Amino acid sequence: LKPERTTSFDAGIEQSFGGRRVVLDLTYFYNRFHDLIVTLGPTQQGLSVWQSANLANSRAQGLEFSYAVRPIRSLRISGNYTFDPTDLLSLDGGPGQAPPSFQVGQPLIRRPENSAAYDIAWTWRRVTVDTAGFFRSSVLDVEPNYGASAGLFTNPGYARADAGVEVGLTREVAIYGRLRNFTGSRYEEVYGYPSERRNFITGLKFNWGGKR
């Protein structure tokens, strides 16, 4: 077997306003994956003398937009959105043929077409309050026990949000608490493995020799 190969490029533009109080960034990206390793099915044995070979191909391309806004010194707002359509392509030497259990033109496993995130933080003296969230559209996934041979499934999209507070006790020590998934969303990042519902963590941060 040979190493898998990737051909990729991206191009973007960044624009700032108001002395960089607002920064916008837009990027186009393209990725073409070649020589992916695949185990051939019974009807595909004629494509190679080996059962496993470098014959699979796929493609991912899209746009990524990000922003960062600081209307006042104590408030920071940032986020991003990604549009990433993907395609499973034909096997080398087998037009219209895909790896076993898949079809040409299907999206790649666990690659959402749409995803977005945000983060908002407000700081007053030694106190920082923030909230962050993430959204992901539905993805194609495999049966968790036996893989693609046991079937392909749609893992629904989801949105989750966190909130937290951090208090600096001294310049070197801070205490923090964070409520994760405070809306109690039910979701599975990987199909078959439910994520935690509403949960809380707390702890201490220590910093020496630098800015916290």
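Me: With which residue does Arg59 form a salt bridge?
Reply: This is a predicted model, in which local features need pLDDT of at least 70 and side-chain atom pairs count only at pLDDT 80 or more, while totals for chains, interfaces and linings use all residues. Residues are numbered from 1 along each chain as its sequence is written, and side-chain values use heavy atoms, with hydrogens and water left out. A salt bridge is a side-chain nitrogen of Lys or Arg within 4 Å of a carboxyl oxygen of Asp or Glu. For Arg59, the closest N and O atoms are 3.6 Å apart, and the partner is Asp87.

Me: How many residues apart in sequence are the parts that Arg59 and Asp87 tie together?
Reply: Strands (E, at least two residues) and helices (H or I, at least four) are DSSP runs, numbered from the N terminus. Arg59 lies in strand β3 and Asp87 in strand β5 (residues 86-89), so the pair joins parts of the chain whose separation in sequence is 28 residues.

Me: Is Asp141, which meets Arg110 in a salt bridge, buried or exposed?
Reply: The N to O distance between the side chains of Asp141 and Arg110 is 2.9 Å. This pair links distant parts of the chain, with Asp141 in strand β8 (residues 139-143) and Arg110 in the loop between β5 and β6 (114-124). Buried means under 20% relative accessible area, exposed over 50%, and partly exposed in between (1.4 Å probe, protein chains only). Arg110 is partly exposed at 41%, whereas Asp141 has 0% relative accessibility and therefore counts as buried.

Me: Is Ile13 buried or exposed?
Reply: Ile13 is part of strand β1 (residues 5-17). Not counting residues up to four places away in sequence, Ile13 is in contact (heavy atoms within 4.5 Å) with Leu24, Asp25 and Leu26. Its relative accessible area is 55%, so Ile13 is exposed.

Me: What distance separates the C-alpha atoms of Ile13 and Gln45?
Reply: Ile13 and Gln45 are 32 residues apart along the chain.

Me: Which residues does Gly203 contact, leaving aside its neighbours within four places in sequence?
Reply: Gly203 is found in strand β12 (residues 199-206). Its relative accessibility is 18%, and Gly203 therefore counts as buried. With those neighbours left aside, its contacts are Ala174, Ile175 and Tyr176.
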